[in-house]
Structure formats: C-alpha cells, structure tokens
Amino acid sequence: QVQLVESGGGLVQPGGSLQLSCVASGNTATIFSMGWYRQAPGKQRELVAELINDGNTDYADSVKGRFTISGDIDKRTVFLRMNNLKPEDTAVYYCNYDPHGVGIRVTFWGQGTQVTVSS
C-alpha cells in the first residue's frame, strides 16, 4: 500500500552531522504522521522523532536539541537532521509512515538505513 524510500545513512565521526531523507509513495491519500525510529544492537526499537500532520513534533529526550525533524507533508517527505552525533547514536534508523494515528501496528516501515558514529 505504501512504500518508503530512505537515504542518507553512513559512517561519520563523533561530532559530525548527517541528514536522513524519506519519501513515501503508493496509497498515501491519508496521513497522520511520519517519523524516525532507531534500533541499536540488543535494544528495543525506539522513537527518535515524529512529525505530525498539524505541524507538531515529538523527540526522544536523548536527541532533543541535536536532531531536527522537518518535512513537506504534501509531498509525503520527511528529513532528519542529526548534529553533534555521538557513538550512542549508532543504530539502524527506520522511517515510519502512520496513515491513521490509531496505533503503531497500523503503520508502514522503511527497510532501514545504518548510521554508524565512530572514530
């Protein structure tokens, strides 16, 4: 129904920056939010940032002040600007598309993009 194409992952040094991009296509007639989650080895997948269709945003405490989510809701596109990256940010980052806002199990996921922060 919905396909998500992600880009921007890679290897950066501590203190560096990256920007992730995600574009949704397919049956995107309805949308509640788009966002980014991440999963590090041995850990649960966690919310990083979310952009809601009314323009409001939500961030994990661990990234607040360093990461910025933005997007063009009409184009079904979101970005995640990551500044001052730390080794603890190393994870697979997943784009999420929520059409209805009724629960995380009724959403769509990208395949994930690896972000590695290392010297």
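**A tour of the predicted model**

The coordinates come from a predicted model. Residue numbers start from 1 along the chain as its sequence is written.

**Stop 1: the disulfide**

Select C22 and C95. Their sulfur atoms are 2.1 Å apart, and a disulfide joins the two residues. A search of the whole structure finds one disulfide. C22 lies in strand β3 and C95 in strand β9, so the link ties together parts that are 73 residues apart in sequence. Look down the S-S bond: the angle about it is -90°, and the link of C22 and C95 is left-handed. Are these cysteines buried or exposed? C22 is buried, with a relative accessible area of 0%, and C95 counts as buried at 0% as well.

**Stop 2: the nonpolar core**

Now select M34, W36, L80, M82 and Y93. Which set do they belong to? They are members of the largest nonpolar core, which has 28 residues, and these five touch the most other members. Colour the strands to see where the core comes from: β1 (2-7), β3 (18-26), β4, β5 (46-52), β7, β8, β9 and β11 (113-117) each give two or more residues to it. As general background, nonpolar side chains in soluble globular proteins tend to be buried together.

Stay with M34 and show its surroundings. Leaving aside neighbours within four places in sequence, M34 is in contact with L4, C22, A24, E50, L51, I69, R76, T77, V78, C95, N96 and Y97. Both cysteines of the first stop, C22 and C95, are included in that list.

**Stop 3: the salt-bridge network**

In general, side chains of opposite charge can pair when their charged atoms come close. How many salt bridges does the count come to? The count is three.

Begin with E46 and R38, which form a salt bridge whose closest N and O atoms are 2.9 Å apart. E46 counts as partly exposed at 34% relative accessibility, whereas R38 is buried, with a relative accessible area of 6%.

D89 is buried, its relative accessible area being 2%.

Then turn to R66, whose side chain meets that of D89 in a salt bridge with an N to O distance of 2.8 Å. R66 lies in the loop between β6 (57-59) and β7 (67-72), and D89 in the loop between β8 and β9, so the pair ties together parts that are 23 residues apart in sequence. R66 is buried, and D89 is buried too. Through shared partners, these salt bridges join R38, E46, R66 and D89 into one network.

**Stop 4: the aromatic cluster**

For aromatic rings in general, a pair is described by the distance of the centres and the angle of the planes. The count of aromatic pairs comes to two. Y37 and W109 form an edge-to-face pair, 5.0 Å centre to centre with 70° between the planes. This pair links distant parts of the chain, with Y37 in strand β4 and W109 in strand β10 (residues 108-109), 72 residues apart. Y37 is buried, with a relative accessible area of 14%, while W109 counts as partly exposed at 31% relative accessibility.

The rings of Y94 and W109 have their centres 6.4 Å apart and their planes at 90°, so this pair is edge-to-face. Y94 lies in strand β9 and W109 in strand β10, so the pair ties together parts that are 15 residues apart in sequence. Y94 counts as buried at 14% relative accessibility.

Where does R45 lie relative to Y94? R45 is over the face of Y94, at 3.8 Å from the ring centre. The charged end of R45 also sits over the ring of W109, 4.7 Å from its centre.

Definitions and conventions: This is a predicted model: local features need pLDDT of at least 70, side-chain atom pairs count only at pLDDT 80 or more; totals for chains, interfaces and linings use all residues. Side-chain values use heavy atoms; hydrogens and water are left out. A salt bridge is a side-chain nitrogen of Lys or Arg within 4 Å of a carboxyl oxygen of Asp or Glu. Buried means under 20% relative accessible area, exposed over 50%, partly exposed in between (1.4 Å probe, protein chains only). Helices (H or I, at least four residues) and strands (E, at least two) are DSSP runs, numbered from the N terminus. A nonpolar core is a set of buried Ala, Val, Leu, Ile, Met, Phe, Trp, Tyr and Cys residues joined through side-chain atoms within 4.5 Å. Contact means heavy atoms within 4.5 Å. A disulfide is a pair of cysteine sulfur atoms within 2.5 Å. Rings of Phe, Tyr and Trp (its six-membered ring) pair if their centres lie within 6.5 Å; planes under 30 degrees apart count as stacked, over 60 as edge-to-face and the rest as tilted. A charge sits over a ring if NZ of Lys or CZ of Arg is within 6 Å of the ring centre and within 35 degrees of the ring normal.
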